[in-house]
Amino acid sequence: MRRIHPDIEDDPDLVAAYAQPPGEWLRINMVASADGGAWLKGLSGGLSSEGDRRIFGILRGLSDVILVGAATVRTEGYGPARPRQSWRALRVGRPAAPPVAVVTRRLDLDLGSPLFTETEPYARTIVITTESAPADRRAEAAKNADVIVAGEHRVDLTLAARELRDRGLATILCEGGPRLNAQLAAAGLVDELCLTVSPLLIAGDAARILNGTASQTRLALTQVLQEEGFLFCRYVREVSDELAG
């Protein structure tokens with residue numbers, strides 16, 4: 001792998017390359033085709049590469065919690081994040097692996113899947129849902145997960161992020177899907193976008209990496225890595241002069 005922006009460096013230290021500032025931080029990590037599609041044949045893995053998977057693992061190791069939408073959990077077959085030997089130095093003073101937090105308005109999840117039944121006590125799955133979710137489903141989820149109620153009929157992501165951080169989970173890594181990404185951006189919660197650009201043209205009906213209500217978040221391109229035709233871009237939200245002052 002080679003860094004080509006803001007400087008040139010072969011085989012950069014990826015942990016240092018993706019270090020995040022201390023304190024609260026929310027980064028989105030996505031892969032897209034060269035023409036902007038977020039999946040191939042329904043799955044993001046068809047757009048990925050070995051380098052993308054290495055960065056994916058590092059971002060997980062750096063995070064306090066992994067945030068993901070219910071549709072992505074169902075489509076991608078999510079399980080719990082498993083501890084990795086390479087994470088030991090990254091997670092000193094923290095649990096061996098981050099928990100997964102699932103955003104679901106109706107709790108339409110397989111609550112008997114490994115994501116709920118095979119977690120370690122230090123990384124119980126977190127379910128973020130609404131007051132209007134069926135009470136029996138909330139009770140069933142609470143058997144194997146921590147349940148956060150954030151919002152009446154729709155998940156209030158600002159409240160959800162606050163609840164996660166009140167649990168000591170300051171650094172949030174969102175892995176999609178596109179609808180959740182768009183909602184986070186509309187709520188002004190996105191601090192960073194890590195985007196892998198795959199050297200494929202796919203056309204078809206794949207969504208863009210943000211799919212939902214229009215919003216604008218100004219980003220600064222802080223880093224680009226390259227490997228085998230894939231580009232690994234890191235964008236950080238720009239702070240306006242008014243906010244900075």
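Start by selecting residues 25–224, where UniProt (unreviewed entry) places "domain: Bacterial bifunctional deaminase-reductase C-terminal"; such annotations may be inferred rather than shown by experiment. This is a predicted model, so local features need pLDDT of at least 70 and side-chain atom pairs 80 or more, while totals for chains, interfaces and linings use all residues. Residues are numbered from 1 along each chain as its sequence is written, and side-chain values use heavy atoms, without hydrogens or water.

Colour that stretch by secondary structure: residues 25–224 are 25% helix and 22% strand, with the end C-alpha atoms 20 Å apart. Helices are DSSP runs of H or I, at least four residues, and strands are E runs of at least two, numbered from the N terminus.

Next, pick G69, A71, T72, G177 and P178. Of the 41 residues lining the largest pocket, these are the closest to its centre. A pocket here is an open set of points on a 1 Å grid where a 1.4 Å probe fits, with protein on both sides within 12 Å along at least five of seven lines; lining residues have an atom within 4 Å of a point. The volume is about 1200 Å³.

Now show β3 (25–33), α2 (50–62), α3 (70–76) and α7 (178–186), which each give two or more residues to that lining. α3 gives the most, with six.

Finally, jump to A185, R208, I209, L210 and S215, nearest the centre of the second largest pocket, which has 17 lining residues. Its volume is about 400 Å³. Keep β3 and α7 on screen: they are the elements giving two or more residues to this lining.

Technical notes. Grid points are joined across faces, edges and corners, and a volume is the space filled by probe spheres set on the points.
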